[in-house]
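Have a look at it first, then read on.

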Amino acid sequence: MVEIGHFALVLALALSLVQSVVPLAGARGGNGRLMAVGGPVAVTAFAMVAVSFAALTISYGRSDFSVENVWENSHSLKPMLFKLTGTWGNHEGSMLLWVLILTLFGALVAAFGRNLPASLKATVLAVQGFIGAVFLLFILTTSNPFVRLVNPPMEGRDLNPVLQDIGLAIHPPLLYLGYVGFSVSFAFAVAALIEGRLDAAWARWVRPWTLAAWVFLTGGIAMGSYWAYYELGWGGFWFWDPVENASFMPWLAGTALLHSAIVMEKRGALKIWTVLLAILTFSLSLLGTFLVRSGVLTSVHAFATDPTRGVFILCILVLFVGGSLALFAWRAPGLTAGGLFQPISREGALVLNNLFLTTAAATVLVGTLYPLVVEAVSGEKISVGAPFFNLTFGLLMLPLLALVPFGPLLAWKRGDLAAVSQRLMAAFGLALLAALVSLIFVDGVSAFAAAGVGLSAWLILGALTDLAFKSGLGAVTAPVALRRFVGLPRSVFGTALAHLGLGLTTLGIVCVVSMQGERILVMKPGDTAEIAGYAIRFEGLEPMKGPNFTEERATFVLSRDGSPLGSMHASKRFYPARGMPTTEAGIRTLGFSQLYVSPGDIQDGGGLVVRIWWKPMVTLIWLGALVMMAGGTMSLLDRRLRVGAPSRARKAVGRPEVAAS
Amino acid sequence: MTRKQKRLSVIGAGLAFIALAAALVFYALGQQASYFYMPGDLQTATLEPGQRIRLGGLVEKGTIVRGQGTEVSFAVTDTQESVKVRYAGILPDLFREEQGVITEGSFGSDGVFVADSVLAKHDEKYMPKEVAESLKEKGVWQPN
């Protein structure tokens, strides 16, 4: 079975090499038949990688321990879902997933790109093919998952228990769809530089791909955050761990790209900047892959450390980042600069957005790489942790968040700040009210926290104001406004939803950071702990047995003011195959808030060390991300932006679009 | 203002913003970066009172003492020197004798290191990278 997978992977490498050379040669020489090779080859390369991936997945499903990769990372007693998801719960398999998604995007460009100019499509596919070829070479030479063992063992060594979770089924695929999705924007940018042509239509083709990748990356990061929150038992939603930063930097740059591409599409401005941003976004994705996969960092994601891999990925990184930036330096001056605009305008607001987001991404980059640089230079081992990021990133985000509601309300080209401020008066008043109410009526709220609540409310109300204003609420009769509201372009809803989601996430973060309650105590059966008005009684421990683990399960009974609210469970697990203990936290969602119970050591005499958190509004952090994703998806469904529907766009080339009303 | 002047002032404002952000980053790096030490490094290190550091090493055998409630104390060693650490809270699942740990905190006035976080390795195969490398440098590294 795995031999078929291995063979298919080698074929995929050969196909990717063809894909990276032939269409490009065709595009350069104006040969239509050579250019047409790109599409079918890209689809076939995807099919080959899919066969290869399926072969590995089947080996995991069958627990075929004659395959070294399966033996090292699986166990026959593991539940089927975790056997299958274990395919990418290791270095080799996750790289295969990476390439699977990369070739998937290549195939999608081939399938949806029928309306692209032939030479642009051929060049984009060639760039995609080249990325694919390099990564396939990496897998085949340093990280081959299809190696057989001569003497197959009877039992596997099991997957790291922390990864035996539904999170592994969702987080890596979503994250990679985002990370790798930016390769399409990158390929378009490089193709534009090679072709030496860049127009509004280019931005119209790039935007849906960027948007789709952004939606997935948002989901991937949010899912990773929630997974770490409930699985690691530390109760934190974000640790500023280098690996988290590795996924967050492309998100920040991708968000900037999303916004600058709007300016380029609508106004023909910021062309060169948008191309640079597309290159930087994917470069940050590659940097993330390097940080996570090379073993330069210690984390749950660094599965194994093998120096040859690190060097290889570093070479890939240098090749693509250096190559594309050199190409940019060489070709960008030849591109025509875009239109002009007043500082106070929609364009101006989007430039400000880009300035803040890219600076924030650079801040995160410095904080993440600084320890590596210091160690390389002086040998001193330092760490840059949450306090650094909270200070720098936080200070940069505050003004950006405060400015967000203004952006969508400003007119293109020349905006009227006074008029927009007037429209936002109601939102501002209500946000101020929200801040005052939380300051006065919620116990123990600092002025800073109240300001944070006000800021979140400002974001949410600002998004709603945008919708209300654009449907003419107040200016026309209610039925007309309703009709207009329904008829608003989906991208307007998308913007409002995404900004509203940002407000919800901010609210969740503000509430958890400033108002959470925490208790650490030793509980004996029958003891009761009080937190945030809830009483939690510890009933006792009982031994339980799972498919591939044993556990001591603690039961807690929850009540408020004497009325029972059911029970919750938390446990200390032990996975004998790896000799590894884990903690399963008990979590109870109450409204948008959660009670979080994390069990510690069991003491002599039956006491259990317990850590209890009250996490107010914590679920909003991830619900906000879901709303942002919904916003992105909504924009993607806009008729004018739908992937593969640029037939109208072609007519629009060079025609300045009327501002979205 | 002419168009050119306007453009220059916008670019100037942008550069000023970036310079400000850069200054903030370097200020914060100076303030917030915490250094990593093994017990043996501490004699030569100059620490200000209350300075936050990360102290790494192996949990010395037979030194784990569970006190009242959630108090735990143990010694971190690089096999030559050792430092006593006090911690209140829940220890990570993979915290064991003779295993690598990184603790974060500062020295109390009694010379005991008061940790507010204790990190152990992520799975049974690996030890925190800083600890493994330092042990290798000292020549006392013993792979399992």
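This is a predicted model: local features need pLDDT of at least 70, side-chain atom pairs count only at pLDDT 80 or more; totals for chains, interfaces and linings use all residues.

1. Residues are numbered from 1 along each chain as its sequence is written, with chains lettered from A and ligands numbered from 1 in the order in which they are written.

2. In chain A, helix α9 (residues 200-231) packs on helix α10 (residues 242-267) at about 150 degrees, axes 9 Å apart. That makes α9(A) roughly antiparallel to α10(A) (the term covers angles over 145 degrees). Their contact has 15 nonpolar, seven polar and three charged residues (nonpolar is Ala, Val, Leu, Ile, Met, Phe, Trp, Tyr, Cys and Pro; charged is Asp, Glu, Lys and Arg; the others, Gly among them, are polar).

3. Helix α7 (residues 118-142) of chain A is mostly covered, with 18 of its 25 residues buried (20 or more other C-beta atoms within 10 Å of a residue's own, C-beta atoms being placed from the backbone).

4. Over in chain B, five of the seven residues of strand β4 (residues 71-77) are buried, so β4(B) is largely enclosed by the rest of the structure.

5. What does β4(B) pair with over seven bridges? Strand β5 (residues 82-88) of chain B, in the antiparallel sense (pairing takes at least two DSSP bridges). Ala75(B) sits opposite Lys84(B) there. Four residues separate the two strands in a hairpin, and Thr79(B) in the turn has a positive phi of about 80 degrees.

Conventions. Axes are lines fitted to C-alpha atoms, for helices over the stretch in contact, and angles run from 0 to 180 degrees between N-to-C directions. Angles under 35 degrees count as roughly parallel, over 145 as roughly antiparallel, 65 to 115 as roughly perpendicular and the rest as oblique. A residue is buried if 20 or more other C-beta atoms lie within 10 Å of its own, exposed if 12 or fewer, and partly exposed in between; C-beta atoms are placed from the backbone.
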